[in-house]
Amino acid sequence: MAHTPIDNSIVDVAEPRKDTIGLPEPALARLTKAGVDLSNGYPYRPSRPLYLDDVYRIRSKEWKHDDAGARADKSKSALFSAATKVTDLTTHIGTEIEGLQLKDLTDQQKDELALLIAERSVVFFRNQDISPQQQLALGRYYGEVEVHPQVAQVPGHPGVTVIWPDLQATERSVSFRQPGGASRWHSDLVHELQPAGITHLHNDTVPPVGGDTLWASGYSAYEKLSPDFRKIIDGKLAVYRSAHPYLDRSNPDCGPKHIERVHPLVRVHPATGWKALWVNRTFTDRIVGLDRGESDAILNYLFGVYEGNVDIQLRFKWTPGTSALWDNRVTIHNASWDYGGKYPRHGTRVTSLAEKPYFDDAAPTRRQALGLLDEGELIPNGQ
């Protein structure tokens, strides 16, 4: 398979590196069963764009996102009645469903699953027999699938990203003090004009010990703030940046620059209507209109609220063949590299882009909508 950019209009590219490491056996078996062509090597890497303006143009026009969760039956009876067991893993975040195969869901069940993901932030399914092609089809149901301009993909299936820490370790050195993988609190693709909605990660190969992933609830992080502090950040905008840098065509000597887009610090989920704090330490750079010192003080406090409150977090232990589906609009996540690369870990990921983030001052918090407020959360009369 010839290496080309993801957009044919891009001509200034760097040819991708050739990977030579061997696939873990469970991953090889899954990809072979799915009929993925591995004859030209694995994974496939598109030709990497060199210049910032080319990448900005890839998805530069707004489109209408029809959120599956917003059209779902609130009771989620079709989904729950087909499952053998549904377990909330913590009070505020995370649910595991047993007895269902994602590849067999009806459209009604897919809609109800999207609503459950919106409400619980992340939903898990173990023992899934799902191919990259079926994973991609589910992603397309939930929105426009993101095709990344430079990260590794499953050959022949743009939009199915390869998550393989051993591969990433060939690109930059890793150690106990500087761990590999995605071992930073973050949310995916915040730099997009219409950032990520639902991400579906299927791990076919996992370490016997370690390699957990943590998620934290954006609904609960916002609710941890005092009502008066919420007023400070409600409606504020921030600059969100990409993971990968590119050259400025008009001034290439100034060095690499990141894609940057402006979105609200607090956003509302279209399916639940609840407010969520939407910042992350890795990709939220600065608050618009504030001096850098002011912005850093507020952002660092908000990052700490997300990262420091264990009661709004979930730590999940993977088993082979598990799928996790989470909503990037209302959560951040962090992959632990405590296994130190001693065991293989491999998966495939599909991310569906969603609406352009928006803020609505009249929207409730999750706890307010569910009637869970305690005295410390109530806004005093007259304020």
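Tutor: A salt bridge is a side-chain nitrogen of Lys or Arg within 4 Å of a carboxyl oxygen of Asp or Glu. Keep in mind that this model is predicted.

Student: With which residue does arginine 57 form a salt bridge, and how far apart are the closest N and O atoms?

Tutor: Side chains of opposite charge can pair when their charged atoms come close. Here the partner of arginine 57 is aspartate 54, with the closest N and O atoms 2.4 Å apart. The two lie about one helical turn from each other, because they are three residues apart in helix H2 (residues 52–58).

Student: Are arginine 57 and aspartate 54 buried or exposed?

Tutor: Buried means under 20% relative accessible area, and exposed means over 50%, with partly exposed in between. Arginine 57 has 48%, so it is partly exposed. Aspartate 54 has 5% and is therefore buried.

Student: How many salt bridges does a search of the whole structure find?

Tutor: The search finds 31. Among them, aspartate 66 and arginine 71 meet at 3.0 Å, N to O, and arginine 71 is partly exposed at 37%. Arginine 367 pairs with aspartate 374, their closest N and O atoms being 3.8 Å apart. In that pair arginine 367 is buried at 17%, whereas aspartate 374 is partly exposed at 41%. Elsewhere, shared partners join Arg241, Glu260, Asp285, Arg286, Arg292 and Asp296 into one salt-bridge network.

Student: Turning to strands, in what order do S10, S11 and S14 form their sheet?

Tutor: The order is S11-S10-S14, in an open sheet with antiparallel pairing. Strand S11 (257–264) and strand S14 (284–287) are the edges, each pairing on one side only. From one strand to the next, the twist averages 30 degrees. Strand S10 (residues 237–246) pairs with S14 over three bridges, and alanine 238 stands opposite isoleucine 287 of S14.

Student: Which residues make the nonpolar surface patch of about 220 Å²?

Tutor: Leu237, Val262 and Val288 make that patch. Valine 288 sits in the loop between S14 and helix H9 (292–308), and its relative accessibility of 38% counts as partly exposed.

Student: Where does serine 121 lie, and is it buried or exposed?

Tutor: Serine 121 is in the loop between helix H4 (107–120) and strand S5 (122–125). Its relative accessible area is 0%, so serine 121 is buried. Beyond four places away in sequence, serine 121 touches residues including Ile93, Tyr219 and Trp326. Leucine 201, in strand S8 (residues 196–205), is buried at 7%, and its contacts also include Trp326.

How values were computed
Residues numbered from 1 in each chain as written. Predicted model: local features only at pLDDT ≥ 70, side-chain atom pairs only at ≥ 80, totals over all residues. Heavy atoms only, no water. Pairing = 2+ DSSP bridges. Helix = DSSP H or I, 4+ residues; strand = E, 2+ residues; numbered from the N terminus. Axes fitted to C-alpha atoms, helices over the stretch in contact; angles between N-to-C directions. Patch = residues over 30% accessible without salt bridge, like charges linked within 9 Å, V, L, I, M, F, W, Y side chains within 5 Å. Areas by Shrake-Rupley, 256 points an atom, 1.4 Å probe, with all protein chains shown as cover. Buried < 20%, exposed > 50% of the residue type's maximum accessible area, 1.4 Å probe, protein only. Contact = heavy atoms within 4.5 Å.
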